[in-house]
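Subject: Structure handover

Hi,

Here is the structure I promised to pass on.

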Amino acid sequence: GMRNRLLLGMSAIDILSSTAAGFSFIPTPQETRCSIGMGNLSTCALQGFFTQLGFAVPGYTAMLSIYFLMTIRYGMDTETLTKKYEPFMHVFALAPPLTTAIIGVAK
């Protein structure tokens with residue numbers, strides 16, 4: 001249902017962001033003899049994109065909180081939530097981080 005799709009979105013973004021963080025300094029370019037990066041500007045930008053996209057995870061957490069608030073506290077059925085609110089929940093979670101991630105890699 002809706003809860004699982006919100007969790008899937010959050011998990012997918014978290015995996016991408018965590019993978020980017022796991023590469024640490026490797027994607028950064030080696031600009032001096034002392035720096036230990038092994039990448040170039042493109043790999044660095046790609047890592048930055050996925051790191052910035054990771055800010056969608058708190059957005060998805062907020063959307064899950066709203067989902068539980070609406071179903072448990074206010075007794076809304078999930079079918080109504082799915083039809084009326086789910087698309088907006090994904091947009092509100094994804095749009096700001098995706099926008100800033102795209103702006104960050106644009107030249």
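Let me begin with Thr71. Setting aside neighbours within four places in sequence, Thr71 is in contact with Met76, Thr78 and Leu81. Please keep in mind that this is a predicted model. Thr71 sits in helix H3, which covers residues 56-73. Is Thr71 buried or exposed? Its relative accessible area is 19%, and buried means under 20%, so Thr71 counts as buried.

Leu81 also turns up among the contacts of Met2. With neighbours within four places in sequence left out again, Met2 is in contact with Tyr67, Leu81, Thr82, Glu86 and Met89.

Next, the nonpolar core. The largest one has 17 residues, and those touching the most other members are Met2, Leu6, Ile13, Tyr60, Tyr67 and Met89. Two or more residues come from each of H1, helix H2 (41-53), H3 and H5. Which element gives the most to this core? That is H3, with seven residues. As general background, nonpolar side chains in soluble globular proteins tend to be buried together.

Two helix pairs may interest you as well.

The pair H1 and H5: helix H1 spans residues 2-22 and helix H5 residues 86-105, and the two pack at an angle of about 15° with their axes 11 Å apart. Angles under 35 degrees count as roughly parallel, and H1 and H5 are therefore roughly parallel to each other. Their crossing is right-handed. On the H1 side the contact is made by Met2, Arg5, Leu6 and Ile13, and on the H5 side by Glu86, Met89, His90 and Leu94. By type, the residues of this contact are five nonpolar, one polar and two charged. Met2, Leu6, Ile13 and Met89 were named above among the core residues that touch the most other members.

The pair H2 and H5: here the axes come within 8 Å and cross at roughly 165°. Since angles over 145 degrees count as roughly antiparallel, H2 and H5 are therefore roughly antiparallel to each other. The crossing of H2 and H5 is right-handed. H2 brings Ala45, Phe49, Gln52 and Leu53 to the contact, while H5 brings Pro97, Leu98, Thr100, Ala101, Ile102 and Val105. The residues of the H2 contact with H5 divide into eight nonpolar and two polar, with no charged ones.

Best wishes

Methods:
Residues numbered from 1 in each chain as written. Predicted model: local features only at pLDDT ≥ 70, side-chain atom pairs only at ≥ 80, totals over all residues. Heavy atoms only, no water. Axes fitted to C-alpha atoms, helices over the stretch in contact; angles between N-to-C directions. Helix = DSSP H or I, 4+ residues; strand = E, 2+ residues; numbered from the N terminus. Parallel < 35°, antiparallel > 145°, perpendicular 65-115°, else oblique. Left-handed = near helix turned anticlockwise from the far one by under 90°. Contact = heavy atoms within 4.5 Å. Nonpolar A, V, L, I, M, F, W, Y, C, P; charged D, E, K, R; others polar. Buried < 20%, exposed > 50% of the residue type's maximum accessible area, 1.4 Å probe, protein only. Core = buried A, V, L, I, M, F, W, Y, C linked by side-chain atoms within 4.5 Å.
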